[in-house]
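I am opening a notebook page on this model. The entries below record what I looked up, in the order I looked.

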Amino acid sequence: MIEELINLKNKLIERKKEQVQLNDMTTVDLNTKVDDFIDWHFKTMIKGHYIDIVEFSKQNDMRNFIEKMAVWYELRYPEYEINRLMPGTGEEPTEINDVMFNSNKYINYLFDEDADIRALDWSDFYNPKVFINSLPSNERNLLQKVKYQSKVYFDIPNSSACFHLTANGFVEEAKKVENFTKNKIMDTELEGMHIKDVVNLFKEKGIELPKDNKLERVIRCFENGNYQKEEMLNCVMYRIIERGGVRIGPRRAFLFAKEFGRNIDIPMMYVIDYTDPGLRNFINDYIKAGGSKDLVCYRGYFSRKSKNEKLDTISIQDLLLTVSNNALTFYTPEEKGLHQRLVNALFNGINLEELKQKEAEKNKETVKELRIERKLEKSRKAKN
């Protein structure tokens, strides 16, 4: 339960960080975002960890993998398939399932026309798990869940103090820590605490840890690994947007964001194309997925003259007030349906209140009549 609360807290913190990044106009250029991450990756994860010749050979490994993953998503969702799922231009007759399973000569050679294989869905067939499993181990490891080291020694002379940690960094067992702290902190006191909180507790109690000690190195290693994975996936999303262009890129990246737990705000920030006939529908898809009408989007990103050109912005709310469904109708059929259901609900609600009021008035009349009847009955009895 404690781990779940901390994970929720961390997610909220990350969400706030994302919002700060979204509001930072210096990070508009997607290629610059990728370059900044590649630079961080080399300085943090490569430099000083290998001999010079290996460092040089590894400089482009991360960039190449980001590109590979972006291309995989393009192969999984080709342009015509994205346009079929979320229309933005004239639809092509081509369908990816037909290309891969029905019109495939190899499939036709091995299977007859009624074979079950022809009912396969390509996007499900070439799913993330299959893609990850097809990668060489060094690339596959980039997408694995980042875990804390399971056993951590303090790495301090004349001390065998250590922690057994969960994958998320919580102390399952502490051994001989009380000896190291001279009984200022007992072993059982630390069990269930996060390793970060343990380090902070040591500082509060005046227990000095050596510079660059093993505990803080383990924390730093986890945080760097986690940042690497998360920002790497963000960079894949950035490349998907850039490679696909103003209509296809954000739509494909929107699918990627939902599937890989990325921020769906980011694709929407780059989607504005006032000639896009499917823009209003796409905005509605974003809202239904939990998006915010307050999100500020960039205008003219794909028509810039330079990456440093200052861009105008507009909110999703203002887009909804100005972007029509097509030349004939302002609202989409779905929006019309929602509006009509709302009107019906309000109307039915009003009718219901009227019925309740009439029923109450009728009950009052009935009660009044009963009272008069009782008075008359009493009067008759008194006369008799």
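**Surface patch**

I started with the surface and found a nonpolar patch formed by Tyr-106, Tyr-109, Leu-110 and Phe-111, with about 510 Å² of accessible area together. The model is a predicted one, and I read every value here with that in mind. I then looked up one member, Tyr-106, which sits in helix α7, residues 105-110. Tyr-106 has a relative accessible area of 57%. I call Tyr-106 exposed because that figure is over the 50% cut-off.

**Second largest pocket**

Next I turned to the second largest pocket, which holds about 460 Å³ of space. I counted 19 lining residues, and those closest to the pocket centre are His-41, Met-62, Asn-138, Leu-142 and Gln-228. Which helices each supply at least two residues of this lining? I noted α2 (30-46), α4 (61-76), α10 (137-140) and α14 (214-260). Of the contributors, α4 gives the most, with four residues. By residue class, I have the lining of the second largest pocket down as seven nonpolar, seven polar and five charged.

**Positive phi**

I then checked backbone angles. Most residues other than glycine have a negative phi. Against that background I wrote down two entries.

- Asn-183 is not a glycine, yet has a positive phi of about 65 degrees. I located Asn-183 in the loop between α11 (177-180) and α12 (187-190). Its relative accessible area is 53%, so I list Asn-183 as exposed.
- Asp-212, also a residue other than glycine, has a positive phi near 55 degrees. I placed Asp-212 in the loop that lies between α13 (195-204) and α14. Is Asp-212 buried, partly exposed or exposed? I list Asp-212 as partly exposed because its relative accessible area is 42%, and the class runs between the 20% and 50% cut-offs.

**Arg-243 and Ala-70**

My last entry went back to helix α14, where Arg-243 lies. I looked up its cover and got a relative accessible area of 36%, so Arg-243 goes down as partly exposed. How far is the C-alpha atom of Arg-243 from that of Ala-70? I have 8.5 Å for this separation, with the two residues 173 residues apart along the chain.

**Left on the page**

Key
Residues numbered from 1 in each chain as written. Predicted model: local features only at pLDDT ≥ 70, side-chain atom pairs only at ≥ 80, totals over all residues. Heavy atoms only, no water. 1 Å grid on protein atoms, 1.4 Å probe; cavity = no way out; pocket = protein on both sides within 12 Å on 5 of 7 lines; lining within 4 Å. Points joined across faces, edges and corners; volume = space filled by probe spheres on them. Nonpolar A, V, L, I, M, F, W, Y, C, P; charged D, E, K, R; others polar. Patch = residues over 30% accessible without salt bridge, like charges linked within 9 Å, V, L, I, M, F, W, Y side chains within 5 Å. Areas by Shrake-Rupley, 256 points an atom, 1.4 Å probe, with all protein chains shown as cover. Salt bridge = Lys/Arg side-chain N within 4 Å of Asp/Glu carboxyl O. Buried < 20%, exposed > 50% of the residue type's maximum accessible area, 1.4 Å probe, protein only.
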